[in-house]
Amino acid sequence: MASADDLQTKQPAVAASAALGAMPERGQWWKQEATPLGLLVERWGGQVSKGDVCEQAVAQSLRCFRAYGSTQLIRLLDRPVMLLLQDESGAKGQVLLWGMRPDQALVQHKDGQLWVRWIDLAPIGAANS
């Protein structure tokens with residue numbers, strides 16, 4: 001996973017200055033996984049168009065790995081991941097996790113990026129491209 005210094009050079013400038021905040025609310029989550037997965041593929045130098053993002057990733061020598069687990073698994077993978085989140089009402093959506101600090105994670109949602117505390121993350125799954 002990229003360090004905060006790596007994010008400053010590889011990610012938009014907002015990543016370096018993203019503030020610590022609460023987890024994005026449901027309205028800020030992506031509802032379809034194609035958008036955040038496409039951003040992951042682009043992060044690794046790939047290109048995506050309409051259609052199955054994972055198939056396009058594989059055709060460009062990238063892998064699409066899906067796993068359900070905890071924040072421990074995310075730390076072990078040490079790669080940017082898409083998180084599948086679920087709120088109290090059962091509504092689901094996705095955000096991206098771009099970077100980690102010992103007690104924080106850099107999360108991108110459809111309205112921007114922010115650092116959140118690991119304890120505030122409640123992922124029910126992670127997809128890594």
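**Side-chain contacts and their labels**

Mentor: In this predicted model, the count comes to three salt bridges.

Trainee: Why is the contact of Arg26 and Asp87 called a salt bridge?

Mentor: The N to O distance between the side chains of Arg26 and Asp87 is 3.4 Å. A salt bridge requires a side-chain nitrogen of Lys or Arg within 4 Å of a carboxyl oxygen of Asp or Glu, so the label applies. Arg26 lies in the loop between α2 (13-17) and α3 (34-43), and Asp87 in the loop between β2 (81-86) and β3 (92-101), so the pair ties together parts 61 residues apart in sequence.

Trainee: What makes Asp87 buried, and how is Arg26 classed?

Mentor: Asp87 has a relative accessible area of 18%, and buried means under 20%, so Asp87 is buried. Arg26, at 44%, is partly exposed, because that class lies between 20% and 50%.

Trainee: Which residue forms a salt bridge with Asp120?

Mentor: Arg117 does, with the closest N and O atoms 2.9 Å apart. Asp120 is partly exposed, with a relative accessible area of 30%, and Arg117 is partly exposed at 42%.

Trainee: Why is the link between Cys54 and Cys64 called a disulfide?

Mentor: Their sulfur atoms are 1.9 Å apart, and the limit is 2.5 Å, so the pair qualifies. The structure holds one disulfide. Cys54 is in helix α4 (residues 53-59) and Cys64 in the loop between α4 and β1 (65-67), 10 residues apart.

Trainee: Why is this disulfide described by a hand?

Mentor: The torsion about the S-S bond of Cys54 and Cys64 is about -55 degrees, so the disulfide is left-handed. Cys54 counts as buried at 14% relative accessibility, whereas Cys64 is partly exposed at 25%.

Trainee: What makes Arg101 a charge over the ring of Trp115?

Mentor: The charged end of Arg101 sits over that ring, 3.7 Å from its centre.

Trainee: How many aromatic pairs are found?

Mentor: A search of the whole structure finds zero.

How values were computed:
Residues are numbered from 1 along each chain as its sequence is written. This is a predicted model: local features need pLDDT of at least 70, side-chain atom pairs count only at pLDDT 80 or more; totals for chains, interfaces and linings use all residues. Side-chain values use heavy atoms; hydrogens and water are left out. Rings of Phe, Tyr and Trp (its six-membered ring) pair if their centres lie within 6.5 Å; planes under 30 degrees apart count as stacked, over 60 as edge-to-face and the rest as tilted. A charge sits over a ring if NZ of Lys or CZ of Arg is within 6 Å of the ring centre and within 35 degrees of the ring normal. Helices (H or I, at least four residues) and strands (E, at least two) are DSSP runs, numbered from the N terminus. Buried means under 20% relative accessible area, exposed over 50%, partly exposed in between (1.4 Å probe, protein chains only).
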